Amino acid sequence: MTDNALVVPFLGKKAFIVLTLLGAAIFVMLLSMRSREPTSHVKSLLWGEAHEHKPVVNGNQETRKPVIHVTEETRQPDSHVTKETREPLIHVIEKPHKLATHSNEESLTPPPQDWLHLQMERAYTEVNKSFTPPSDWNSCESGVTYYFPTINIIFTGIPKTGCSNWKEALLMAEGSLSQPMDPTKVALVHGKSNGFRLPKIKQKYPEAQLHDSFSFTVVRNPWTRMVSGYRQKLSSEQTQGNEFKAYQISIVNQIRGVSKEDAKQQGLRPTFREFALWLIQHEGNVDKHFKPQYRQLCYPDVRYDYIIPLEYADVLSSEVFERVGKDISLYGSYDKSSDPRLQSSAVSAKEWLSELGEEITDSLYRIFKVDLHLANYSNFTHPDFPLPLHEK
């Protein structure tokens, strides 16, 4: 007699069938729960690891890299990751609206120059460009690159990377300014610096002189740069610098469908969402204050001697001023927080970008992904946003 033959009379046929079905249901439920646990590979895609670096450990918390090479994605609960193959995404599971608490100041240690040069080199491989020595400054046509012959310094000052402060300091070192200007009158600084634009004056100087100059540039996390540009040029917020009324009217007309005359008469301004849609509509081919940074650098015609992430400008600027040999310094921003993670544009970027939705932020990422790679910048969902993610 089999075991089943003993069990069935004891329990009864109906009870045996019920228990069998119950056991099968529990087994299916366990399999379903197990399938929801992401594999280590999927977890790494969701958090992202740029350039195949290992996660950087800050205290007991891992600092992870933004996704830049995702080719296969799997649906994850409460995530933005879909099953289709497409351009790399940068979303992670959560969408925090508050900054994380930082246990130490290790993240504020600036990255070394060799690491920064490597990131810039890798970034330009995204657009199939690479530097071949020597630097050829005569080939640089960047309209935001300046040459100060007295101090023999070349500076590429991309808008919304603190360029006004840098130009003011360099003009003073050059002897063209006797004292700092009113921060609210930055247009005067830009006017003074126009005569030093490299494309206009490079023919006046021997190639060897330009080659022997000290060159540097400043880059910034593109998410905070985007928000800063919107706040200063398009929003109703009172900041230093001039607003762009013509762009305000044009964006409202193109995105909202309001006539330019009505937009002008009513003093309408675009929302941040409308600004984002406008950037996508024009694929980033817009004014230099909003255009991707990599399109405004002289690289790969030249290799900069020094690269400064704006997030570390207070620390790294000392190297530039040592080269100048004069007692000058940056005069600072209207945002007084010394921690870039707590500055107003970073706080606003976390909130505003999180509210745009997956489709819009994915499209923006495709426009600005090379800028993100310029210094391996953190995504707006990262606890250390907007800092570069680098080995300490």
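These are legends for a set of close-up views of a predicted model.

This is a predicted model, in which local features need pLDDT of at least 70 and side-chain atom pairs count only at pLDDT 80 or more, while totals for chains, interfaces and linings use all residues. Residues are numbered from 1 along each chain as its sequence is written, and side-chain values use heavy atoms, with hydrogens and water left out.

**View 1. The whole chain, before zooming in.** The protein chain has 15 helices and 6 strands. Helices (H or I, at least four residues) and strands (E, at least two) are DSSP runs, numbered from the N terminus. Buried residues make up 48% of the 392 residues in the chain; buried means under 20% relative accessible area, exposed over 50%, and partly exposed in between (1.4 Å probe, protein chains only). Take the contacts between residues at least 6 apart in sequence: 69% of them join residues at least 24 apart. A contact here is heavy atoms within 4.5 Å.

**View 2. The open sheet, strand by strand.** Four strands line up as β3-β4-β5-β6, with mixed pairing. Two strands pair if DSSP finds at least two bridges between them. β3 (145-148) and β6 (306-309) stand at the edges with a single partner strand each, so one side of each has no neighbour in the sheet. From one strand to the next, the twist averages 20°. Strands β4 (residues 153-156) and β5 (residues 214-219) run parallel and are joined by 4 bridges, with F155 standing opposite F216 in β5. β5 and β6 also run parallel, again with 4 bridges, and here V219 sits opposite P309 in β6.

**View 3. What covers the sheet.** Helix α5 (residues 163-174) lies across β3, β4, β5 and β6, running at about 165° to β4. Helix α13 (residues 313-324) packs on the sheet too, touching β4, β5 and β6, and its direction makes about 150° with that of β6. For these angles, axes are lines fitted to C-alpha atoms, for helices over the stretch in contact, and angles run from 0 to 180 degrees between N-to-C directions. Strand β6 is covered on both faces: Y306 and I308 on one side, and I307 and P309 on the other, are all buried.

**View 4. Helix α5, wrapped up.** In α5, 12 of the 12 residues are buried, so the helix is largely enclosed by the rest of the structure. Among them are W166, K167, E168 and E174. The buried residues of α5 pack against β3, β4, α6 (186-193), β5, β6 and α13. As for length, at 1.5 Å a residue the 12 residues of α5 should span 16 Å, and its end C-alpha atoms are 16 Å apart, which agrees. The expected span is 1.5 Å times one less than the number of residues in the helix.

**View 5. Two helices crossing, α9 and α12.** Helix α9 (residues 222-233) and helix α12 (residues 272-281) pack at an angle of about 115°, with their axes 11 Å apart. M226, V227 and Y230 of α9 make the contact with F272, F275 and L279 of α12.

**View 6. A cluster of rings.** Ring pairs link Y230, F244, Y247, F272, F275, W278, F290 and W352 into a cluster. Rings of Phe, Tyr and Trp (its six-membered ring) pair if their centres lie within 6.5 Å. By this rule the count comes to 25 aromatic pairs.

**View 7. Two cis prolines.** The peptide bond from Y299 to P300 is cis, with omega near 10°, and P300 lies in the loop between α12 and β6. Another cis peptide bond joins F385 and P386, with omega about 10°; P386 is in the segment after α15 (358-373).

**View 8. Positive phi outside glycine.** E283 is not a glycine, yet it has a positive phi of about 55°. E283 is found in the loop between α12 and β6, and is exposed, with a relative accessible area of 52%. N376, another residue other than glycine, has a positive phi near 50°. N376 is in the segment after α15 and counts as buried at 1% relative accessibility.

Notes:
Rings of Phe, Tyr and Trp (its six-membered ring) pair if their centres lie within 6.5 Å; planes under 30 degrees apart count as stacked, over 60 as edge-to-face and the rest as tilted.
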